[in-house]
Each structure stands twice: as C-alpha cells, then as structure tokens.
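Keep the picture open while you read.

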Protein chains: 4
Amino acid sequence: MNVIIDLCVVPLGVGLSVSKYVAACHEIIKAAGLSCELHAYGTNIEGEWDEVFAAVKQCHERIHAMGAPRITTTIKAGTRTDREQTMADKVNSVKEKLA
Amino acid sequence: MNVIIDLCVVPLGVGLSVSKYVAACHEIIKAAGLSCELHAYGTNIEGEWDEVFAAVKQCHERIHAMGAPRITTTIKAGTRTDREQTMADKVNSVKEKLA
Amino acid sequence: MNVIIDLCVVPLGVGLSVSKYVAACHEIIKAAGLSCELHAYGTNIEGEWDEVFAAVKQCHERIHAMGAPRITTTIKAGTRTDREQTMADKVNSVKEKLA
Amino acid sequence: MNVIIDLCVVPLGVGLSVSKYVAACHEIIKAAGLSCELHAYGTNIEGEWDEVFAAVKQCHERIHAMGAPRITTTIKAGTRTDREQTMADKVNSVKEKLA
C-alpha cells in the first residue's frame, strides 16, 4: 500500500529553533530512499507504507537521541486504491485547474 | 518507545457519514489490545509505537476493504523520554490546573 | 456557519510541560461561552465559526503573554450544511455502531 | 499578529477528486492578497492572523457553495513573538543545515 504523508515534527524542551531537527529527519528520509519535498510547515514523503512509517519512527528516535526529551508530531497520510498518484500528480492536478 | 496518538481517519467517496468506518477502526484498536478513547474529532490511542502504527495501517486496509477508494488521515503523535505519561495523566494534569 | 474544531496548542521555548497553557486556553473558551471537551491530545470546541476562531486567536495571544515566544497549533475544523450535528452527536453516532 | 499556516481542506460527499476545491481556495487566498505556496498535501499561507483566517472561512463558504455538504479541514498555525520569520525563511533555515 503506497502512502503520501505530510510530516511535521516538533521537538519540545530544546528552545525555539527546530530546523536542525527537521534537517536530521530529511537525511533519514533520503537515506531510506524515499521521495520527499520540504515545505514551510513540514515535509511531504511518498512510498510504501511500511518504509514511510519506519522512517517516521527513526525520526522520533533520532530527535530524542539529539537531546529532545519530548516530541509532538503531526502527520497527514493519504492512501487510495482507485489509481496511483504521486506528490507531483497532486500538485499538477491543482495547477491545471488554476491555469 | 511508547506513543500517544490522536487518529482521525476520513474516507472519501463513500458519502457523508463516516461513523461506521470510525467504529471499524475502534474494533481494530481494541482487538490489538491497545487503550483508546473516542472523542468528537478522533480517537486517542496509547501503546508501543510499532503496535500503535500497525493498528493504524490495519485501519486503512480495513476501510479500503469496506469500499472506500481514498482515505485521508490526520495523526498527532507524542513521545517523551523524560518520564512515562498516560492519556489519563495528560487530561488530569490540565484538570488540576483548572481546579 | 457552525463549526466543530479540535484544537491542540503547543508552546515552544517554555520547557516540557504544556498543561498550564492548555488550562489557560480552556478558561478562554469557557469564558467565550463555547462548549468544549478536553481530551488527551487537544480540546474539542463547537460554536459559531467567528466566535470559535476568535477564541483560538485569544489562546495564541494569551500563551504569548504568558511567556511563550513561539506557538505551533494544530486545528481540525469541520462544517456541514446537510444537517446540524453536535460533538455529542458525533460520538454517539460511533457508539451506536459499536453497540 | 502574523501567522504562517498550513491549510488542507477536504470536501466530503463530492467524490474522489478534490483538486478543483483546492484550486478555488487558492484563488480566494490570492484575491485576499496573501502569500501562499501550494504543496502536495496542502497550501501554506502567511499574513496577518485576521486576514488569513478570514480567507480560511471564505474557503469553507465557497466549497459549500460549490456543492460539498461537508468539509473537514486540517490547519497547522504558527506564531512567534521573538522575531519575524517568513515561509521562505523557514525552508531556507532547514536547507542551510542540509548544505
């Protein structure tokens, strides 16, 4: 089962800047061979369900290991069985309507 | 790694009522032996990370099998390494401040 | 337009405990005369759109005034035009399917 | 008070394709003079709190007017008082760490 997710990890107890934790997650996701796109309020990832969620778990483990004692994460996750759809397809589908 | 999540599954393409899909998820979560609490905009679940997310995946599989060709889900997921905290602890902690 | 929301405010830069900020929000919502229900990963609120979102804005203002320099909030917001539905209706609708 | 949000509107009862509703929201946001960036799982918007949330309300009104009897929306909303930060700043801050 393929999934597209939007991942937004928020470490608590480590001050105001979260970018180094987001960057660490980005590296985990790339190392897992998953497609991802960074945006201003999260990271979109697509791939096989188990691989995507294994990467999300690794992100939590890594952020804790980097010193954050608490993490709250928001995930949107989309699956569909009617047809295949990539992240690029989703954006293009909206852009066509805007054109 | 223990996790508390808030799960909100939204099946698309099956009309306006989503309660039977939410009920199906509830049964999956209970069958997995996980603690859960239903609320007006989702279901809170606590347990070991792998067990909780295995249940989330099962929810997607079940809802697709029930006929929904598309699902969009929102998950909040919290982990902490400083101390153990249950769902009840979280609610009680706020209620003490309100008392 | 009536709305039911799930509100989860996360103050950054104030340590690990967020319960006093959640309690402050709860008081704002009650003072605004809105129905709300606390759960383990947020607070559900129902009411007229403008009143609900005015309360959400007040929560951000109050939490900043309490000393948090950064806040990240997750909101789920549901509206429907086919029929009226309260938070209790939503929960009951699932519970009937479970019974 | 400035805010950056991530907006993801999901109309129910109108089938599987949501792109035309997302496009309609995009036009509302642009017409309101707000900066926005489309991504694969939502739209990021930045601006003054009241203007941003007025646009979100307009999106719900428009989508209902387009025929969707039910909408469930997920919003992430970030405010900070320590310094100004744009959507581009947030992305650049992560990219610098990745470089």
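Chains A and D meet through the same surface, because 100% of the interface residues of chain A are also interface residues in chain D. Contact here means heavy atoms within 4.5 Å. This is a predicted model, where local features need pLDDT of at least 70, side-chain atom pairs count only at pLDDT 80 or more, and totals for chains, interfaces and linings use all residues. Residues are numbered from 1 along each chain as its sequence is written, chains are lettered from A and ligands numbered from 1 in the order in which they are written, and side-chain values use heavy atoms, with hydrogens and water left out.

**How the copies are related**

Two copies of a chain are related by a rotation about an axis and a shift along it. Here are two such pairs, with copies superposed by least squares on the C-alpha atoms of residues with pLDDT of at least 70 in both.

| Pair | Rotation | Shift along axis | RMSD |
|---|---|---|---|
| chain A on chain B | 180° | 0.0 Å | 0.0 Å |
| chain A on chain D | 180° | 0.0 Å | 0.0 Å |

**Two helices in chain A**

Now zoom in on chain A. Helix α1(A) covers residues 19-31 and helix α2(A) covers residues 49-65; helices are DSSP runs (H or I, at least four residues), numbered from the N terminus. The two pack at an angle of about 140°, with their axes 9 Å apart. Axes are lines fitted to C-alpha atoms over the stretch in contact, and angles run from 0 to 180 degrees between N-to-C directions.

So α1(A) and α2(A) are oblique to each other (under 35 degrees is roughly parallel, over 145 roughly antiparallel, 65 to 115 roughly perpendicular, and the rest oblique). From α1(A), Y21(A), A24(A), C25(A) and I28(A) touch A55(A), Q58(A), C59(A), R62(A) and I63(A) of α2(A).
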